[in-house]
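User: Hi, could you walk me through this structure? I'd like to start with how the terms are set.

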Amino acid sequence: QSNPELASDFEPAASQLHREYISIDNSNTGSDLKPAVIVSVPGLESAYLQILGNCDVPKYHPDYFALEVLNEVMSRTEGVLYSEIRGKGLSYGASIYNRVWEGKLILNISESPEPQLAYEAFCHLLDRMEPEVIGSGNTNSNIMFLDTKALQTARSCVTFNLHDAKRTNDAAFKSVIRSFALGMQTSMEEDVALETRLDQVDVSAVKRVFKEYLLPLRNGSHRLIVVVCNPGAVERIQSGFLKCKYPVDLDHMTLSDIVKTFI
């Protein structure tokens, strides 16, 4: 049975794999851990894809809210990821988010019949966006996915998310406990200051974080790609990723192999 929660359930293992990979100096350790793995799980009907990249951008980092706005623009319903991936039937879900406590930016593709096609669509989207984001002479000029209205809408959504975590007494309590456990607690004065910084996010800031954090998910040297699928789909998906414009050689692992990696 296909499990739509698998991608999020697998995320801690994927993040650990990424930490293991980027910390490896092959000349010293001799480790053969690959930067792209495909994990076979019996019983799955759909596949799941995650691309993890380095993104040490905590809440008080100058790039934090620009990255949140970019992620909102990319991931929202009928946004660019929706149009290019979900809207074309390549997956049920597609989103990008900053996992602050892991120091990672993650592309998450869930319930995809052909994850190699979803990956190719994502790379093609970045190819189309890159010249407009990086090649524009005017750093504040609008680009195809971000005009003034889209920027204001994205900032409003991020503001709503900030307040939504504290909309009720119960929600506020859980938010405080969770933030404390993650070492991310803030005071009321700090929250107000955060909102002020959010209001200052402009197109130039979004362009900067696009280049710094999002583009490396396409072909960065320290990214990790993890695909989870049914054992019967492994060879087909591996072959498909090798044929992409930015080819990926997926190393087949089982759940047991992953457990051994952590021991």
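Analyst: Happy to! Helices (H or I, at least four residues) are DSSP runs, numbered from the N terminus, and the expected span of a helix is 1.5 Å times one less than its number of residues. This is a predicted model, where local features need pLDDT of at least 70, side-chain atom pairs count only at pLDDT 80 or more, and totals for chains, interfaces and linings use all residues. Residues are numbered from 1 along each chain as its sequence is written, and side-chain values use heavy atoms, with hydrogens and water left out.

User: How many of the residues of α3 are buried?

Analyst: 10 of its 12 residues are buried, so α3 is mostly covered. Buried means under 20% relative accessible area, exposed over 50%, and partly exposed in between (1.4 Å probe, protein chains only). Among the buried ones are Ala66, Leu67 and Met74.

User: Switching topic: how many aromatic pairs does the structure hold?

Analyst: The structure holds 2 aromatic pairs. Tyr64 and Phe65 form one that is edge-to-face, at 4.9 Å centre to centre with 80 degrees between the planes. For the cut-offs, rings of Phe, Tyr and Trp (its six-membered ring) pair if their centres lie within 6.5 Å; planes under 30 degrees apart count as stacked, over 60 as edge-to-face and the rest as tilted.

User: Why does Phe65 count as buried?

Analyst: Because its relative accessibility is 2%. Tyr64 is buried too, with a relative accessible area of 9%.

User: And why is the pair of Tyr119 and Phe241 tilted?

Analyst: Their ring centres are 5.2 Å apart and the planes sit at 35 degrees, so that pair is tilted. The pair links distant parts of the chain, with Tyr119 in helix α5 (residues 115-134) and Phe241 in helix α11 (residues 234-242), 122 residues apart.

User: Nice. What does Ala154 touch?

Analyst: Ala154, in helix α6 (residues 148-164), touches Val69, Glu72, Val73 and Arg76, not counting residues up to four places away in sequence. Contact means heavy atoms within 4.5 Å. The C-alpha atoms of Ala154 and Arg76 are separated by 8.7 Å, though the two are 78 residues apart along the chain.

User: Last one: is Ala154 buried or exposed?

Analyst: Ala154 is buried, at a relative accessible area of 0%.

Definitions and conventions
Helices (H or I, at least four residues) and strands (E, at least two) are DSSP runs, numbered from the N terminus.
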